[in-house]
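Have the model open in a viewer with selection by chain and residue range.

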Amino acid sequence: MLRYYVDLALRSLRRDKVLTVLMVLALALGIGASITTLTVLRLLSGDPLPQKSSQLYYPRIDPNPRNGYIEGQTKPEAVMTYVDAMNLLNAHRAKRQAAMALMQAKVAPLRAHERPFYSDGVMTTSDFFTMFDAPFQYGGGWTPTDDANRAQLVVIAGFLNDKLFGGANSVGKTIRIEDHDFRIVGVLKDWSPQPRFYTQELGGRSYGDGEAVFLPLAAARAIDITPNSVNCFASVSDMKHLETQPCMWLGLWVELGDAAAVASYKEFLAGYANQQQSLGRFQRTETDLPDLMQWLRDEQVVPDDVRLQAALAFGFLLICVVNTVGLLLAKCLRRSGEIGVRRALGATRRDVFVQFMVEASMVGLAGGLLGLVFTELGLWGVRHQPAQYASLAHLNIEMFLFTFVVALVASLIAGLLPAWRACVLAPAPQLKAA
Amino acid sequence: MQIKPILSALRRHKAGTFLIAMQIALTLAIVCNALFIIQQRIAHLSERTGIDEPDIFVIECEWVGSPTSQQADARMLEDLRVLRQLSSVQDATPSNSYPLNGGGWDDGIKLKPDQLQDSSGTTVYLADDHFIDTLGLKLIAGRNFRPEEVARIDMRDRLAAPQVIVTKALADKLFPNGDAVGKTIYLAGNPTTILGEVELLQAQSIDRWAADFAYRSVIVPRRLAASLGGFYIVRARPGQLDAAMRAAPAALFEHNPRRVINEQDGVLSFAQVRARAYERDRGMAILMGVICVALLAITAAGIVGLTSFWVGQRRKQIGVRRALGATQRDILGYFMTENLLISLGGVLVGVLLAIAINLWLVTRFEMSRLSMAYVLVGVAILLLLGQGAVLAPALRASRVPPVEATRSV
């Protein structure tokens with residue numbers, strides 16, 4: 001029976017070519033626009049470390065002076081002073097913990113005729129790689145002892161290894177960073193979790209490539225590498241020794257295994273703030289411990305423009321659906337005579353209803369297919385935009401299937417009213433009119 | 001034209017009427033807001049920088065070999081001498097940033113040393129005595145720096161210059177009586193005297209967070225001599241921008257090859273700087289425009305489709321009316337009026353919807369309120385669109401011959 005309906009639908013669609021093309025085109029445009037924007041939105045609001053994000057937390061404390069503080073409204077600071085970061089780090093209250101800052105590092109090429117180049121880098125402590133599940137191609141991270149010894153070691157990204165060593169195992173070799181020798185202990189695989197959660201507030205991008213070099217914090221500071229972002233809350237006497245200044249420049253991440261650990265860390269953090277207040281270092285005792293996804297929400301990493309575009313695209317789709325309802329309705333009412341004949345020959349209301357829904361869903365499928373083309377076109381357009389996330393805009397299999405779901409649902413909704421109107425037509429007057 | 005018969009006819013086509021009206025309403029709501037967003041973005045990207053853009057380009061130079069601040073300063077002074085000697089170059093100045101750069105140094109200004117809150121935010125431009133001439137700024141009070149007042153500063157040094165030049169916007173904010181020159185202010189915690197006032201100089205960032213101090217810039221007589229390198233802002237002689245942009249990096253490399261000037265964006269004309277800074281705003285405006293056009297096209301197509309169907313359905317009635325004496329104009333008028341009535345209904349709902357959507361956008365996206373002008377423009381566009389779309393089917397209807405009345409379909 002279904003095959004017969006499909007046949008009927010094809011005949012009917014072929015009869016009014018212009019109308020059919022119009023319906024399919026409108027639906028495809030709506031679907032193309034909404035799937036494109038939805039793909040980008042999902043990509044940008046995704047989970048950077050799905051297997052780990054629920055265990056990663058970002059402690060926030062507030063070393064600012066009292067002035068300007070509004071109880072219950074002022075959020076604690078997003079970055080820490082060196083003193084606080086080290087106090088919390090060395091307390092070892094979490095399963096793993098790492099302090100980090102972003103930097104720019106001049107890397108010397110290995111061949112003489114090439115010019116040195118600047119690379120993005122992270123200065124951090126030993127737990128960084130295990131805590132963030134950073135995958136190694138060769139070697140591994142450094143140890144807490146290396147941290148303490150200011151060992152001049154470096155972990156480099158795969159792309160830097162490709163550039164400098166042609167992808168060969170470079171562990172044990174030495175590269176010059178900021179005119180100092182650093183021995184390579186590890187080479188990462190391609191690793192750049194999106195959004196770039198740990199670069200937030202540290203002077204980094206929200207999306208895009210990962211860093212090229214990872215240095216031990218103490219070693220990097222020993223050769224005077226400055227962090228990308230420094231925020232001072234009192235007058236500064238010496239910007240060279242940031243460690244002793246009232247300046248915030250470090251982010252601290254901690255890994256907490258379960259709810260009990262989170263609760264106890266929260267308590268520890270509150271206790272720390274109170275203790276610092278009684279020591280006279282803190283004027284504000286507000287603390288916060290968002291998990292990774294909450295932190296990204298707090299930071300509002302997803303650009304407003306992207307959300308606005310998504311909202312707009314779905315408005316667009318709604319109009320396209322309304323448009324399709326109108327056109328399908330017009331078509332089906334024009335065929336009152338045919339419906340009358342079918343009903344008189346024994347087709348039930350159900351049959352007529354199904355027949356028209358089949359026709360609608362065929363419009364939907366065609367709209368979905370063409371919509372997919374528009375989506376690919378739209379994503380191609382996004383990739384050629386100047387945004388940080390441009391290169392990430394690709395259609396995944398999930399969204400590919402979702403396109404057809406949207407197309408079918410949209411067309412079935414669009415088909416409901418016309419199909420219902422068709423099936424409640426009384427056959428007799430139609431036959432008489434014919 | 002009698003409206004009552006049209007209304008009673010429409011009552012027999014409730015679903016179709018409702019659908020067209022709703023489509024018009026939704027389209028109006030979205031088009032109004034899209035037009036509004038387009039206008040806001042365009043207004044944003046036509047904000048002035050205050051500098052003489054056509055002749056200016058920027059060189060970003062990085063040093064090789066970690067020079068000390070003294071060494072970097074010496075290299076910079078030589079570079080500036082080299083640049084200023086070029087025949088196609090009028091003047092050149094070193095700086096830490098420039099308008100639309102999107103990166104630089106922002107700080108706070110206080111009027112008293114013990115003040116807790118800043119009186120204003122500001123963008124700090126580090127400059128020498130050629131800065132004002134190179135950028136083509138207009139000095140409206142006080143005087144420019146003298147060469148001996150310009151000193152070297154490293155990245156980590158305190159910003160303690162005895163004198164600064166401020167923009168009019170900053171001067172007016174700090175001293176509303178217009179007597180800013182000669183007054184002492186506290187920049188980054190250090191006292192400094194206002195030496196002069198320039199008319200207009202935009203901040204380095206055009207982002208929303210910097211909107212509070214968009215034109216409140218301060219020019220400090222300090223050369224940033226950092227081991228990293230810095231910017232040279234160069235002004236070409238009128239009409240010689242291209243020549244200067246080729247000659248300048250070549251001359252710099254010839255003088256001292258120990259430097260990195262990025263091949264892609266190491267030398268940028270200010271037109272390129274502007275295009276980069278506003279790429280996103282322009283992209284959004286274009287996207288909104290495309291969406292508006294597509295929506296209007298789809299709505300028009302929908303109206304054509306449904307009206308054509310109605311015309312087809314009513315051929316017999318039209319024939320009867322024609323046989324009873326209605327002219328072609330009457331028939332045309334009938335369908336045009338019918339569409340106008342539906343459109344008016346749709347537009348009415350659409351206005352409310354447009355305002356509702358705008359209110360939602362205001363709460364979610366830091367947008368301002370929709371001005372009624374855009375709503376009116378949107379209403380006019382949609383009414384015209386409806387009339388235009390209905391014209392073809394209505395004309396076809398008017399050509400239905402009276403003899404149609406005698407035929408059974």
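Select α2 (residues 14–45) and α10 (residues 328–365) of chain B: α2(B) passes α10(B) in a right-handed crossing, the near helix being turned clockwise from the far one by less than a right angle. Their axes, lines fitted to C-alpha atoms over the stretch in contact, lie 7 Å apart at an angle of about 40°. The contact holds 17 nonpolar, seven polar and no charged residues; Ala, Val, Leu, Ile, Met, Phe, Trp, Tyr, Cys and Pro count as nonpolar, Asp, Glu, Lys and Arg as charged, the others, Gly among them, as polar.

This is a predicted model, in which local features need pLDDT of at least 70 and side-chain atom pairs 80 or more, while totals for chains, interfaces and linings use all residues. Residues are numbered from 1 along each chain as its sequence is written, and chains are lettered from A in the order in which they are written.

Next, show both chains. Their contact (C-beta atoms, placed from the backbone, within 7 Å) takes 35 residues from chain A and 33 from chain B. On the chain A side, select α2 (17–44), α10 (304–334) and α13 (397–423); α10(A) gives the most, 18 residues.

The C-alpha trace spans about 95 × 60 × 35 Å along its principal axes.

How values were computed:
Axes are lines fitted to C-alpha atoms, for helices over the stretch in contact, and angles run from 0 to 180 degrees between N-to-C directions. Helices (H or I, at least four residues) and strands (E, at least two) are DSSP runs, numbered from the N terminus. Two residues are in contact if their C-beta atoms, placed from the backbone, lie within 7 Å.
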